[in-house]
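Work through these exercises with the model open. Try each task before reading its solution.

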Amino acid sequence: MDFEWVVKYATEFLGTAILIVLGNGAVANVELKGTKGHQSGWLVIAVGYGMGVMIPALMFGNVSGNHINPAFTLGLAVSGYFPWAQVAPYIAAQLLGAIFGQALVVATHRPYYLGTENPNNILGTFSTISSLDHGTPESRKAALFNGFINEFVGSFVLFFAAMGLTKNFFGAELLSKAEATINSQAAQMAAQGTSVPKEQIAAAISQAKDQVAPFQVGSLSVAHLALGFLVMALVTSLGGPTGPGLNPARDLGPRILHFILPESVLGKHKGDSKWWYSWVPVVAPILAGITAVLLFKTIYG
């Protein structure tokens, strides 16, 4: 196994764990009875999740790409931006990282889980739930429909914007012009009867990337900061109906842990894991990720 990819898998695990600790940790602080942040408001959750995306992006963006989201990984693979051979290991690392991060949230907040009486507040610190669900068949149908729309729209905005921020950042055009110049020179030499090996062209492009890199660092850092603010905005604007999830690993991993953990850990008011709703925050972001990345590639290449 290539050690470079092992490092990337570990990075996806750690990045997703940090996302959950900061994001669902903020939810636990707001929703669980007895914490110092109890009922402190939705903006606290928005900041937590914004930082949960921003910090790993700044830490690991140049290591693994900081996907920390199976929907983004799949979207990139479908459009040819990411190798299919690495999709399964990336998603496995993300799911395990989400479960591990949630376990840390439970460990730090266990006394407050035991003291919380509302099952929805407990589940809400793990995974998303629809505000339309009141336990009746009619409300569940409305929750599924509205939840799917909300998760799809929010995820689409997230992934399309993420592509724009990380592909079209200031300085990216410098690299594209360097690649175009190298390819043009190789084509001219070939027209004159001098063939340039592909390996030599690749080496020249790699060298150009190394030369341009110092001029791109600041712009990429700004792009990663912007991703965090984007998630904050999405949580404040589209978080009311479902949470939102925007990430299959962020929802499914913690929901699995919620299902597994006994009442001795989460308290007698643990409640059910609402598996009837669980497919929505998995399927909707995946479809949105594939659509958003394909559209970005169609428009911008």
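**Exercise 1.** Which residues does Thr116 touch, not counting residues up to four places away in sequence?

*Solution.* This is a predicted model. Start at Thr116, in the loop between H4 and helix H5 (119-124). Skip residues up to four places away in sequence; Thr116 then touches Glu31, Leu32, Lys33, Asn121, Ile122 and His269.

**Exercise 2.** Decide whether Thr116 is buried or exposed.

*Solution.* Take the relative accessible area of Thr116, which is 3%. Buried means under 20%. Thr116 is therefore buried. Across the protein, buried residues make up 47% of the 301 residues.

**Exercise 3.** Check the span of helix H4 (residues 87-114) against its number of residues.

*Solution.* Helix H4 has 28 residues. The expected span is 1.5 Å times one less than that number. Now look for a bend: H4 has a kink of about 65 degrees at Thr108, shortly before the proline Pro111.

**Exercise 4.** Describe the overall fold: how many helices and strands are there in the protein?

*Solution.* Count the elements: 11 helices and 0 strands. Then take the dimensions: along its principal axes the C-alpha trace spans about 80 × 35 × 35 Å. Turn to the contacts with a separation of 6 or more: residues 24 or more positions apart account for 78% of them.

Notes: Residues numbered from 1 in each chain as written. Predicted model: local features only at pLDDT ≥ 70, side-chain atom pairs only at ≥ 80, totals over all residues. Heavy atoms only, no water. Helix = DSSP H or I, 4+ residues; strand = E, 2+ residues; numbered from the N terminus. Bend = angle between axes of the 7 residues up to and from the residue. Buried < 20%, exposed > 50% of the residue type's maximum accessible area, 1.4 Å probe, protein only. Contact = heavy atoms within 4.5 Å.
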